[in-house]
Amino acid sequence: MLLLHAVSDGVIAFSLLLIAAALIYMYRQRGEANSSESALTTLFILFIAAVGLAHLASLAGLWTPSAAMQGVLKAVAALLALTTAIVIWKLAPQLLRLPSRDRLQAEVAAHLRTFEELKAARHQLEERVEARTKELAEAKQRFEIALRGSPISVFTQDKDLHFTWVHNAPAGLVPELLCGKTDDEVLPPEVAQTIMAAKRKVMATEEPQELETNFELLGRKRSFYLMIEALRDGQGEVIGTTSVAVDISERKTNEDQLRLLLRELTHRSKNLLAVIHAIARQTASRTRSVEDFLERFSARLCAIGCSHDLLIADDWHGASLRMLVEQQLFTHAHRFGEQIAIEGEDVILKPEAVHNLGLALHELATNAQKYGSLSQPEGQIRIHWKFCEEASKLKLTWQERGGPKVMPPERSGFGRAMIETVVGQALEGDVKLSFPEKGVRCEIVIPAAQVTSRG
């Protein structure tokens, strides 16, 4: 029995001390505990250690009895046991709230599911951000392509009207030099004041403004159409202005040129109407019937129309003399070459010379068709021109051959009067119309100033 007591006390003491050591190891390794848990664990370890020491004292008392030592150890173990029991009951509500293993496993599983869902949501967000970034990059690329080479500039300014961003700046201006500056540091003072006043009004009223402005930039007159709107932050507060400037210099130049052309067209139309009116009066005074008047007047209007067609084809800058001759003799084009010879370097005549020479050539061709060389199958006409008097004048000669015998007219008709008087005076030149028996001859000499180019 003594041996049984000794072995039992030894095993119990060793086991309890081993349990205490294991609890200390686990407590340190875990490293996570609040103050209540720490106190309870410490008391429990001390209690187990005290009980273990009490059994160890009992084992020693079998050979060396020591009632005092055993009593002290049992008293300490009893005190620790009581304290541990009190603390356990006090902490019981908190301990009961600790999750069970199944609950912990469920919570862990729920957390894992939440983690997977968050991971999937993160992946979706990354895909959406990537797609949105791609869309923004494509939009930016389209924006840059649309503005590249265009006359449109876009820029923003802060509340103090300092440039903060510039894209596709007008020719001659560099974005890096504009940023940080204001309009009055870049533009002429009077222009800058007008533009800055409009921008301040936009920030004050939050209403868009539009205006046109003209100024000289790098030695060239420029015109711009401005559209100004308020620039807002994420909360909708006005933080500056956004402006679009469209370079309309070319359009303004075209408009000015168009107005000039319209004035010129009005002037020429009035002159042409005056010529037509005079032709109508003179034709009517030299005809005996309405049919004769209509025939002659219509033919002369067609001659004017042919000259107009040539001028319109070259934007009213002038017309080729060769083409003018061919146009007025178009009804006899089948005779060009053998019977109708057209010779001379090609020259470009001014519009006024085209009109008047066209009428003269028409009258000569009409006369030749009725009474001269063009009335006979074997008749010939030679039309040639050259520069004379040191190229200061252009001389055009109309010579008929092979037609009926020419008789000098007894009276001056409208065609002769227009050739000799009107055409000569209009072009500030000289006209000589003669009627030798072999064929009519007409020489028209005009100043070289009526020629815009040669060859």
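Is Arg441 buried, partly exposed or exposed? Arg441 has a relative accessibility of 28%, so this residue counts as partly exposed. Welcome to this structure, which is a predicted model.

**Salt bridges**

- Side chains of opposite charge can pair when their charged atoms come close.
- The count for this model comes to 16 salt bridges.
- One of them joins the side chains of Arg441 and Glu443, with N and O 2.8 Å apart.
- Arg122 and Glu126 make another salt bridge through their side chains, at 3.1 Å from N to O.
- Both of these residues belong to helix α4 (residues 101-147), and because they are four residues apart there, about one helical turn separates Arg122 from Glu126.
- Arg122 counts as exposed because its relative accessibility is 56%, and Glu126, at 41%, counts as partly exposed.
- Lys405 and Glu437 also form a salt bridge, and their closest N and O atoms are 3.9 Å apart.

**A pair of helices**

- Two packed helices are described by the angle between their axes and the distance between the axes.
- For helix α7 (residues 249-285) and helix α8 (residues 290-313), the axes come within 9 Å and the crossing angle is roughly 155 degrees.
- That angle makes α7 roughly antiparallel to α8, since angles over 145 degrees count as roughly antiparallel.
- The handedness can be given as well: α7 and α8 have a right-handed crossing.

**A nonpolar patch on the surface**

- Which residues form a nonpolar patch on the surface? They are Leu3, Val7 and Val11, and together they have about 300 Å² of accessible area.
- Val11 is part of helix α1 (residues 2-30).
- With a relative accessibility of 48%, Val11 counts as partly exposed.

**Positive phi angles**

- Most residues other than glycine have a negative phi, and most peptide bonds are trans.
- Asn168 has a positive phi, near 55 degrees, although this residue is not a glycine.
- To find Asn168, look in the loop between β2 (163-167) and α5 (175-178), where Asn168 is partly exposed with a relative accessible area of 23%.
- Glu206 likewise has a positive phi, with a value near 60 degrees.
- Glu206 belongs to the loop between α6 (189-205) and β3 (209-217), and at 41% relative accessibility Glu206 counts as partly exposed.

**Distances along the chain and in space**

- Arg416 and Leu433 are 17 residues apart in sequence, and their C-alpha atoms are 8.0 Å apart in space.
- Arg416 lies in helix α11 and is partly exposed, with a relative accessible area of 26%.
- How far apart in space are Ala284 and Leu173? Their C-alpha atoms are 67 Å apart, and the two residues are 111 residues apart in sequence.
- Ala284 is in helix α7, and its relative accessible area of 40% makes Ala284 partly exposed.
- Val76 and Lys140 are 64 residues apart along the chain, with 82 Å between their C-alpha atoms.
- Val76 lies in helix α3 (residues 67-97) and is partly exposed, with a relative accessible area of 38%.

Technical notes:
Residues numbered from 1 in each chain as written. Predicted model: local features only at pLDDT ≥ 70, side-chain atom pairs only at ≥ 80, totals over all residues. Heavy atoms only, no water. Patch = residues over 30% accessible without salt bridge, like charges linked within 9 Å, V, L, I, M, F, W, Y side chains within 5 Å. Areas by Shrake-Rupley, 256 points an atom, 1.4 Å probe, with all protein chains shown as cover. Salt bridge = Lys/Arg side-chain N within 4 Å of Asp/Glu carboxyl O. Helix = DSSP H or I, 4+ residues; strand = E, 2+ residues; numbered from the N terminus. Buried < 20%, exposed > 50% of the residue type's maximum accessible area, 1.4 Å probe, protein only. Axes fitted to C-alpha atoms, helices over the stretch in contact; angles between N-to-C directions. Parallel < 35°, antiparallel > 145°, perpendicular 65-115°, else oblique. Left-handed = near helix turned anticlockwise from the far one by under 90°.
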